[in-house]
4 protein chains.
Amino acid sequence: MSVTPTPGDKFTFGLWTVGWPANDPFGDPTRPALDPVESVHRLAELGAYGVTFHDDDLIPFGSGDADRAKHIERFKAALDETGLKVPMATTNLFKHPVFKDGALTANDREVRRYALRKVMRNLDLAAELGADTYVFWGGREGSESDAAKDVRAALDRYREGLDFLADYVVERGYNLRFALEPKPNEPRGDILLPTIGHALGFISTLEHADMVGLNPEVGHEQMAGLNFAHGIAQALWQGKLFHIDLNGQRGIKYDQDLVFGHGDLLNAFFLVDLLETGGYEGPRHFDYKPARTEDITGVWQSAAANMRTYLLLKERAAAFRADAEVQEALQVAGVAELSTPTLGAGETPGDLLADRSAFEDYDPEIAGARGKGFVRLNQLAVEHLMGAR
Amino acid sequence: MSVTPTPGDKFTFGLWTVGWPANDPFGDPTRPALDPVESVHRLAELGAYGVTFHDDDLIPFGSGDADRAKHIERFKAALDETGLKVPMATTNLFKHPVFKDGALTANDREVRRYALRKVMRNLDLAAELGADTYVFWGGREGSESDAAKDVRAALDRYREGLDFLADYVVERGYNLRFALEPKPNEPRGDILLPTIGHALGFISTLEHADMVGLNPEVGHEQMAGLNFAHGIAQALWQGKLFHIDLNGQRGIKYDQDLVFGHGDLLNAFFLVDLLETGGYEGPRHFDYKPARTEDITGVWQSAAANMRTYLLLKERAAAFRADAEVQEALQVAGVAELSTPTLGAGETPGDLLADRSAFEDYDPEIAGARGKGFVRLNQLAVEHLMGAR
Amino acid sequence: MSVTPTPGDKFTFGLWTVGWPANDPFGDPTRPALDPVESVHRLAELGAYGVTFHDDDLIPFGSGDADRAKHIERFKAALDETGLKVPMATTNLFKHPVFKDGALTANDREVRRYALRKVMRNLDLAAELGADTYVFWGGREGSESDAAKDVRAALDRYREGLDFLADYVVERGYNLRFALEPKPNEPRGDILLPTIGHALGFISTLEHADMVGLNPEVGHEQMAGLNFAHGIAQALWQGKLFHIDLNGQRGIKYDQDLVFGHGDLLNAFFLVDLLETGGYEGPRHFDYKPARTEDITGVWQSAAANMRTYLLLKERAAAFRADAEVQEALQVAGVAELSTPTLGAGETPGDLLADRSAFEDYDPEIAGARGKGFVRLNQLAVEHLMGAR
Amino acid sequence: MSVTPTPGDKFTFGLWTVGWPANDPFGDPTRPALDPVESVHRLAELGAYGVTFHDDDLIPFGSGDADRAKHIERFKAALDETGLKVPMATTNLFKHPVFKDGALTANDREVRRYALRKVMRNLDLAAELGADTYVFWGGREGSESDAAKDVRAALDRYREGLDFLADYVVERGYNLRFALEPKPNEPRGDILLPTIGHALGFISTLEHADMVGLNPEVGHEQMAGLNFAHGIAQALWQGKLFHIDLNGQRGIKYDQDLVFGHGDLLNAFFLVDLLETGGYEGPRHFDYKPARTEDITGVWQSAAANMRTYLLLKERAAAFRADAEVQEALQVAGVAELSTPTLGAGETPGDLLADRSAFEDYDPEIAGARGKGFVRLNQLAVEHLMGAR
């Protein structure tokens, strides 16, 4: 197995990742702006499959139509030259002050209408560039005071907005699916749809639920202390893993956007194991930030590090699964037995009640005393992760 | 408004709350066992509406049929004497070693079958006692190692089990709805369906989704750093707030089960405001633990404190809503405007695109500069909470 | 007791608080720059006692000497007109890219020397303006990778820098004490001296330990899940509470800098109780940020809210202490008994060993069964906080 | 380098670790009690160097003198047979209800006196068994309500108790040093001396400060979201790392006590790197709990896993340091430059002010733009951890 990335690995990067000028809440930018065209070329050289963008990454907010066209044309030319794809696009609904109280759920109705138009405009461009996924990160949809936001009304508006935009996509015949990106907080005190779960619940209420799924981000779930691999498993199980944002986070704190694997490495191992075997076929998209301490050389080193770590984890996860001792330990742990239905084919409540072996004659002490060998199994995973087997 | 509880306030308590013997992971019990009959009488005297129970709270695990009948009979007599109701019941699927790897999602199929039987048995009793809600807290459904649990298979089994049990309830004609109680961790490293959101997502996949809702607990969501009032708002919005567990938690740490209001008091204020005006009509159920430092006197003081704090918060929330200055501040903040649909009646994508006032002629700088007055509004809430207006 | 602030209440504000233009990691500023002179006048009108500043708040980074003098002169004139004091000043060692890897602990020695000079320059100004406290917030002293920072060497340099600067203050005869401001993370992944405790430990190693204390901030300790009132108690106990930063934080997440009391209100109540009775006589300094949703009207409303909440809490804490039932509950809880030494005067190990009542004849079961009444006491506090007694 | 443990590696285990019967707040024990003698033999076979104990691990609480002597005798015999050492001992001041409000800081003076006697008795035994470190984990020293505990009085009593016990050790001529073990919460809502830092600050106030240091535990610091390797570095820097508790924790939640390396593996790598090169020569002590899912086979597998992971990390850390590319990356990052004092030998404030190159002629833009290569360096560490270089 090679750890040199190729387009076949489907690695993609947001323009805003390598292009981040490295400002933070307490600091000014440490790097100059990066031309998206330059990013396309460098990412292609590094073995990436594609790039993704917010409207404002490509076309500065407030550009006139002529400028806009020029920006798009240059970008397309770079794509053509490099063969990079644009599998995903999204809208910047958080940076300009107009969105300070939200976009699709702003209290101010005119802001909501403006936001819809901003999305529609970029949906057109996303479709034109061949994207099949359109991400909604509602970073400003939330509140700091529970008095200031009627959450139920906000969810009404969120649904209204997404239903309307889905109608638009259908009407235009675009080959686009929506992917919601949850986050618990930052920049708002509490963001609506804070986790994978809340978004899954919400999606079930949408008119076009079938065309709306998720774009979960490693760090966002970990900011709520949640097991990312578990969340991805539920998303896959509900058929809703439309896209994924890979990065690193060191626990419950501000959003760090570290290189993939530079946070919870053990969970990253199990995540890659799951992605590679669980039926996910979309891009492996990195939504990270090259640290503020880095210059442009460090930017490209960090981009490469994301891909290399992913491939190393993929290699180790495969070795883990192929190890006979692991197979035996999985057997002891009864992991596969969980795929056997609890009930027999056609077994009814009456049947189960009649099965004395299930209750009256069952000795819970025996099962309670039986060792599961889970720690040994975990240790085998740790050792494979460390390349020690 | 009175702050003395009466049955009309619908306050209920789990037998396991006041009855907790005050053991913890590092300490032995500090209180003797409490007879459920005693709890019923004392809670009635304090003004409670009802009590709730796990099967094993009432009937010690492993009791024979005769003993079981005796325990139930005594309990019923106490209910009759006091007029207390049993609006909810649940199953202990976590204490005995047999459930150490889960119940409905244990790797071991026999454990799963045993768990179903244990639930069925207590469903019968719940129905007999007149409960209309049956809670599932899957505290052991989870893992410490991602290698040891196939989460997608576990969700299959979770669904299978709930579908089966719902079938049973329907078949028997019981007037029972199920309420899932999410928790992110403890006692398992990561618990399945860790938040309100994950449970809502999961429920949407169930065969009897209409009869399955939620029993969210204050502290459980706060253990993931989530805004509890926001979670309750989403649950209400999805028609899934079937029951609620009130208590206190001081941030992201072990499950504290403090008295209601002894944790995040400001969020408790907004929660009561929401419960009292948002259409929730079920019990106000306290799932707390009287601190390990308390004797039996402290147990009853703490039970009373839960109810008194709720009523005080209700009083203050009502005063907040009735205050003319608050009304004016809500107006400035545009809170009600969020209930106005973003689109006009029948407005199509084409219509919105044609509305130049929505985009081409819209000046985002003006909206971006407009003050929302959210901080003043929040301060008004804080002052009402403090009884300072 | 009045809840209208007066200079006697010693409320102070950083120029950077009301002057924050409301940019965040995902958003552009929503407010124009605020002239420090304007801030001085408005804060005086609101009843503040003083203002505090970073060098760069008053004099834009890189200003020439003439410009610098002009800025200072205008500021002094405003102070003279209003009577506001400048009890504290500090250095901005975090915003400019030169400090991206730290200031006093940057790997680059020249950066460290530059940082010392920047501090010295502002120490002169602080002394000139009559400040008696000089704060060091080492927001950039830290790392994201443990490979990139030798923490022990960093602590050597931190100590070297503070010892040197203390020498400078002594040499110049300035009436200034240093106050370190801990923070666990943000903007660095891990910041050195992350909590009150770490700073106390570090201070004990300094050459001029007597002139170095703390400037703890509510939200910073709460970002580590710590009880702020406990931390302040330890700082007071060690004689190191030189200054304090009051604000609000809703749990473990990014640094929110909310209005004081808009976070953990119950802990704020106990904090004010402690500050007002524990011997702290310094300024009550607000280090908060007016929310990004606010315009300039909201800025001044939020400034006023900080002071009003403090005064309300002071009033309620005094009522709590004066309540006879609280006194009785404190008695039951044995709170004052903790001030009685454990040992008798002059009691030696041999004496204690000889006291059979202490061990051989002591019955731990009795003490173990005795109720402490802590929950009732806490409920009394909650009710006083709510103005309900 | 071998990854098979030998006594030379100085691995030690608490009797209470492998002997934990696997009860938790929601579950009964899943394993029978383990005879300490059996533990000694099995740990010796696995390659351990020693064992440690709480008084009550060895001698059940309340045993009479004769029983006590028998327990000790059997234990000593096992030590003699196996050659295992007892480098550390400690007191159980948390399990019995008598300590429900603390031991050295209980409000009740008699409890405090009883606690001192309990400690003294076990100090005698610790000295007799040859221990040189005596640990104090004050798990019950804390509170759930700020009204119920006067923290400053509590710190007075904590100091009084430790000073007294240190006197006793000196008086008896025991070769024992004290090591405080911080923890932020659980089982108390907030524990006194919650982090390494708070304990360091506190120690600086003790009469026998020189004989009191720390016993930090991986999971305890991580429960406050702190970087454990940073904390250890500060403890080493202050000469206070007297002992260490190794285990695993997956973020801010209840105390998990997982196998070492089964939590934050990357931090564990940097920790071992630091321990092996930073001058720490004490035992590598594992304070973990074999998961509740394990039987006795799993107990010993988990004990072995701790040691093997440590040795693997040691091997990888050594390879990291020996790698020429790492050396070059450290150079680029300027890591060693931080060991160069900021000031020249004898350089005074006046000298620095006179050095125009330090400020007037210094161009901060150049340093601000220079890349530090920290991300590349971190990636090299990740790859070494994964055995990929």
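A charge sits over a ring if NZ of Lys or CZ of Arg is within 6 Å of the ring centre and within 35 degrees of the ring normal. D:K289 lies over the face of D:W20, at 5.5 Å from the ring centre. The charged end of D:R177 sits over the ring of D:F242, 3.6 Å from the centre of that ring.

This is a predicted model, in which local features need pLDDT of at least 70, side-chain atom pairs count only at pLDDT 80 or more, and totals for chains, interfaces and linings use all residues. Residues are numbered from 1 along each chain as its sequence is written, chains are lettered from A, and side-chain values use heavy atoms, with hydrogens and water left out.

Now to the ring pairs. Rings of Phe, Tyr and Trp (its six-membered ring) pair if their centres lie within 6.5 Å; planes under 30 degrees apart count as stacked, over 60 as edge-to-face and the rest as tilted. Over all chains, a search of the whole structure finds 80 aromatic pairs. The centres of B:F269 and B:F320 are 5.7 Å apart and their planes lie at 75 degrees, so this pair is edge-to-face. It links distant parts of the chain, 51 residues apart: B:F269 is in helix α10 and B:F320 in helix α11 of chain B. Helices (H or I, at least four residues) and strands (E, at least two) are DSSP runs, numbered from the N terminus.

In chain A, ring pairs link A:F11, A:F13, A:F260, A:F286, A:Y288 and A:Y310 into a cluster.
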